[in-house]
Amino acid sequence: MELKDAMLGRRSIRFYKTGKISQADIQAIIAAANMAPSWKNSQTPRYYVATSEEAMNKVREALPERNTENTKNAAALIVMTFERGRAGFMKNGLPDNEVGDGWGFFDNGLACQNLVLKAYELGYGSLIMGIRDEQVLRENCSIPASQIITAVISLGVADIDPTAPKRKEVEDIMVSLG
Ligand SMILES: Cc1cc2nc3c(=O)[nH]c(=O)nc-3n(C[C@H](O)[C@H](O)[C@H](O)COP(=O)(O)O)c2cc1C
């Protein structure tokens, strides 16, 4: 698949067909996520992967009703986190600049984009969910305090072909510096 096809064709998928995901596909998706650039190649994103109904239901406990419904028949739920205090920080523990752990969020987003594009290439739809309960995820997935929790991502075979929500025009978001 060409990159432009993945970039244009990927959509947030909120309806899935029943289906499983192979461990080989999970490995390929996480490996692609980990090829994303990161602060000083610090590779701080972490992935908690639920594929059994039991494990997915534990993750669902952290989702509001709408997001839970939207993960029905999903083949996997992935909780993304990152190691705090590393991306954006020097060896002495001080932040390189004012952004601090914001660079960890930055790297997490880059990795997440690779993740959902690779999933799309392998035939899976995805939904990134930022509306989730951090404490429930931490407890149910045994996520240590050293990691900051970002999003839950569902993966599955799409049962819908949504049209792309409208994007802003380039001239509305780009400032030419000449
Ligand atoms: C950081 C982030 C958090 C999001 N959280 C949610 C969410 O909690 N629930 C949901 O239904 N969609 C969520 N979305 C999906 C967005 O609504 C969606 O990406 C946007 O409307 C554009 O649609 P598209 O992904 O099909 O291009 C989230 C997306 C991002 C990037």
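Buried means under 20% relative accessible area, exposed means over 50%, and partly exposed lies in between, using a 1.4 Å probe and protein chains only. Keep that scale in mind at each stop.

**Before you start**

This is a predicted model, where local features need pLDDT of at least 70, side-chain atom pairs count only at pLDDT 80 or more, and totals for chains, interfaces and linings use all residues. Residues are numbered from 1 along each chain as its sequence is written, and side-chain values use heavy atoms, with hydrogens and water left out.

**Stop 1: the whole chain**

Show the cartoon. The protein has seven helices and five strands. Helices (H or I, at least four residues) and strands (E, at least two) are DSSP runs, numbered from the N terminus. Along the sequence their order is α-β-α-β-α-α-β-α-β-α-β-α. The radius of gyration is 17 Å, close to the 16 Å from the globule rule for 178 residues, so the protein is as compact as a globular protein of that length. That radius is taken over C-alpha atoms, and the rule is 2.2 Å times the number of residues to the power 0.38.

Turn the model along its principal axes. The C-alpha trace spans about 50 × 45 × 30 Å. Of the 178 residues, 39% count as buried. Now consider contacts, meaning heavy atoms within 4.5 Å. Among contacts with a separation of 6 or more, 79% come from residues 24 or more positions apart.

**Stop 2: helix H5**

Select residues 102–121. This is helix H5, with 20 residues. From first C-alpha to last it reaches 29 Å, close to the expected 28 Å at 1.5 Å a residue. The expected span is 1.5 Å times one less than the number of residues.

Colour the buried residues of H5; among them are Gly104, Asp107, Asn108, Ala111 and Cys112. Leu115, Val116, Leu117 and Ala119 are buried too. What do the buried residues of H5 pack against? Show helices H1 (3–9) and H2 (23–33), then strands E2 (45–50), E3 (76–83), E4 (125–129) and E5 (147–158).

**Stop 3: alanine 119**

Stay in helix H5 and pick alanine 119. Its relative accessibility is 0%, so alanine 119 counts as buried. Leaving aside neighbours within four places in sequence, alanine 119 contacts Ile29, Tyr124 and Leu155.

Step just past H5 to glycine 123. Glycine 123 takes a positive phi of about 100 degrees.

**Stop 4: aspartate 101**

Go to the other end of H5. Aspartate 101 sits in the loop between E3 and H5. Is aspartate 101 buried or exposed? Its relative accessibility is 19%, so aspartate 101 counts as buried. Show what aspartate 101 touches, not counting residues up to four places away in sequence: Phe82, Arg84, Gly85, Arg86, Ala87, Phe89 and Ile148. Then select glutamate 83. Aspartate 101 and glutamate 83 are 18 residues apart in sequence and 9.2 Å apart in space, C-alpha to C-alpha.

**Stop 5: the loop between H2 and E2**

Most residues other than glycine have a negative phi. Select asparagine 41, in the loop between H2 and E2. Asparagine 41 is not a glycine, yet its phi is positive, about 55 degrees. Asparagine 41 is exposed, with a relative accessible area of 52%.

Glutamine 43 lies in the loop between H2 and E2 as well. Its phi is positive at about 50 degrees, although glutamine 43 is not a glycine. At 28% relative accessibility, glutamine 43 counts as partly exposed.
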